[in-house]
Amino acid sequence: MTKIKSLFISLVLTLGVSTAIAGSHGSTHDLVKERGKLMCGSNTGLAGFGAPNDAGVWEGIDVDVCRAVAAAVFGDASKVEYVPTTSKVRFTVLQSGEIDMLSRNTTWTLSRDVDLGLEFVGVNYYDGQGFMVNKSLGVSSAMELDGASVCIQVGTTTEMNLADFFKANDMSYESVPVETNSEADAAYTAGRCDVYTTDASGLYASRAGYPDPSAHVVLPEIVSKEPLGPAVRHGDSEWADIVRWSLNAMIIGEELGITSANVDEMKSSKNPEVLRLLGVDAGYGAMLGLSDDWAYNILSQVGNYSESFEKHIGPNTPINIQRGLNALYKDGGILYAPPFR
Amino acid sequence: MSSTTIQIISRSKYYNWLVKNLFSSWVNTILTVIALIFVYQVGSFFLSWAIFDADFRYNFQGELIIDRGFCSKNIMPGEYGACWAIIFARWNQFMYGLYPIEEAWRVNLIYALLPLAIIGILFDKIPFRRYFIYFTFIFPFLAYFMLYGGPGLSVVGTNKWGGLLVTLFLGVTGIGLAFPLSILLALGRRSKMPIIKSLCVVFIEFIRGVPLITLLFTANVMLPLFLPDGVNPDNLLRALVAVTLFQSAYMAEAIRGGLQAIPRGQVEAAQSLGLSYWQTTRKIVLPQALKIAIPPIVNTCIGLFKDTSLVLIIGLFDLLGIGRAALADMTWTKLYYEVYVFISLVFFIFCFGMSRYSLYLEKKLKTDNS
């Protein structure tokens, strides 16, 4: 009897979920304006990407995307409420409408984009699996790692990527299996393996915590694609546009050399794209349903992409990540925003 | 009797106890010595790590520690112990979460009033007990108003609550709401009315049959999907509902154990005196049943208090969650031991308090019996 009942209940639950997901939502933009603040799904704490500081203020490059959207919509980057989400609940929290956008080091993949009913609006950090070794090994490229012992989390995509990489380059490795990422970190620190591999940003964050970070190098080879970016719900393209172009405005801002420091001077620039971006040439904000100074607000309050990067994860922070792939396309990276016109 | 004789007697008593319990045979003597060495080793290591070689607010050079780079152990590895500066720097977050600091006096007030609100229930021999009990019933409304805000006070959304505030909120409210609910469930399960009985049985068995984490996920993730757009019950409230249901099912079973231990004769005697069902239950059965059920009830309460830390899975910043957020901040990363030891200590204080109270209660009620 109890069994049949619980079976019935779970059936009802499942049906309810699928219909609810299929159901349409109202205009997110109107909802956000009405509420007077942006609900942004953040990480529960990831160094440099999104975590509250000692004063309780959220900081990080993912957080800056939320602040940029708030600056665009309200003209005030501080009008954000952060909803900490774990990797397990992040998508449902977005689907249920509890948050307006998710900016939480989330990899853009086909199944998430299509099957989960999300819409990734861009990439704010190109991550990928990398390798870290002790400097004393004298290795400068992953191609020299033949025969090395590697600390690896069992049963992850990281493990498969590693096997593929070594096989493709006709090298062998000795695997030191561990259960979790922090265990891998600990095993590497204790010298149980030569190489520690996980997402490059994770390697940098681990390295920042070592007593002597300069004794370890992250090798230049990146063996998998992990594009991380903000996501919104499917089916509200106007809102997706606002989030997409808020991120793009930060990237274009860097491209055009507009920083939070010089944004006022740039208003009298002769470059027509600068004038369009900063709203001196009117009309572009209205297309998005925003005021004309929306991008000006982003750049003056949050700063351009480079400022955000340097402030939270760049070489002058403990995390010490080089721009690498995340440099602008004209500086040798792949960061590229469509033109602002 | 002169004072020296008392001393001799007490010393010999002490001596006898030692011989009897620790050195009764050579095997026991060896075990005692080994245990003492072990305790000394571990204890002295821990004490020197946690206290004697540790940094509190200042490092060994007398500088105020503002990030982990200032910790003595990071300046001279191997020479120094814990770096408690992270606890000081994040004290407000551990206590209030991300609650606006200029409003934190509201939380402090509630922390201060909480003992007054529960003292009337916990102890029956205090003066003016009646007024304390009145206060207990006013307190939840007062606490809601002070913490959440309302007319005259700015509203602080529960997404800003965190740390000990969330842990206590879930623990105290969960236990407080679950207690009456569990009594009804336990009585319902023993009821002779088939519908009530089967409802209670299904509820208890269903809730007990799933882990708390599943309930939390259901409350957090699935509930909002059924509700129409824009109707989003508060995240913390949903967790509270899950915690309360979970606790009431477990407590109901503990109370049912107590109910079953009451001999039928008690009920029959009460009925023959002409007492109604509710009179019998309230005056005869429940007082005895609850007394028997104290240890298991406190057991579930302690379990629940610790289980509240599971809410970090659904993104609530309870004490553990806020500690992990502190570790994710580049300023303090890798100070794992300091944060986890501190959190364990806080949990220990509350759980040990509950356990001591239950012992006190058992002793007090036992004297009535003998």
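Reply: Chain A has 14 helices and 14 strands. Helices (H or I, at least four residues) and strands (E, at least two) are DSSP runs, numbered from the N terminus. This is a predicted model: local features need pLDDT of at least 70, side-chain atom pairs count only at pLDDT 80 or more, and totals for chains, interfaces and linings use all residues. Residues are numbered from 1 along each chain as its sequence is written, with chains lettered from A and ligands numbered from 1 in the order in which they are written.

Me: What makes B:Ala82 buried?

Reply: A residue is buried if 20 or more other C-beta atoms lie within 10 Å of its own, exposed if 12 or fewer, and partly exposed in between; C-beta atoms are placed from the backbone. B:Ala82 has 24 within 10 Å, so it is buried. It sits in the loop between helix 3 (72-75) and helix 4 (85-89) of chain B. In chain A, 46% of the 341 residues count as buried.

Me: Which residues does B:Ala82 touch, leaving out those up to four places away in sequence?

Reply: B:Trp49, B:Ala50, B:Ala54, B:Tyr337 and B:Glu338. Contact means C-beta atoms, placed from the backbone, within 7 Å.

Me: What is the largest nonpolar core made of?

Reply: A nonpolar core is a set of buried Ala, Val, Leu, Ile, Met, Phe, Trp, Tyr and Cys residues joined through C-beta atoms within 7 Å. The largest has 174 residues; A:Val69, A:Ile298, B:Ile86 and B:Ala239 have the most contacts inside it. Its largest share, 14 residues, comes from helix 11 (residues 235-260) of chain B. In soluble globular proteins, nonpolar side chains tend to be buried together.

Me: Which residues meet where helix 9 of chain A contacts helix 13 of chain A?

Reply: A:Ser246, A:Ala249, A:Met250 and A:Gly253 in helix 9 meet A:Ala295, A:Ile298 and A:Leu299 in helix 13. They divide into 5 nonpolar, 2 polar and no charged. Here Ala, Val, Leu, Ile, Met, Phe, Trp, Tyr, Cys and Pro count as nonpolar, Asp, Glu, Lys and Arg as charged, and the others, Gly among them, as polar.

Key: Two residues are in contact if their C-beta atoms, placed from the backbone, lie within 7 Å.
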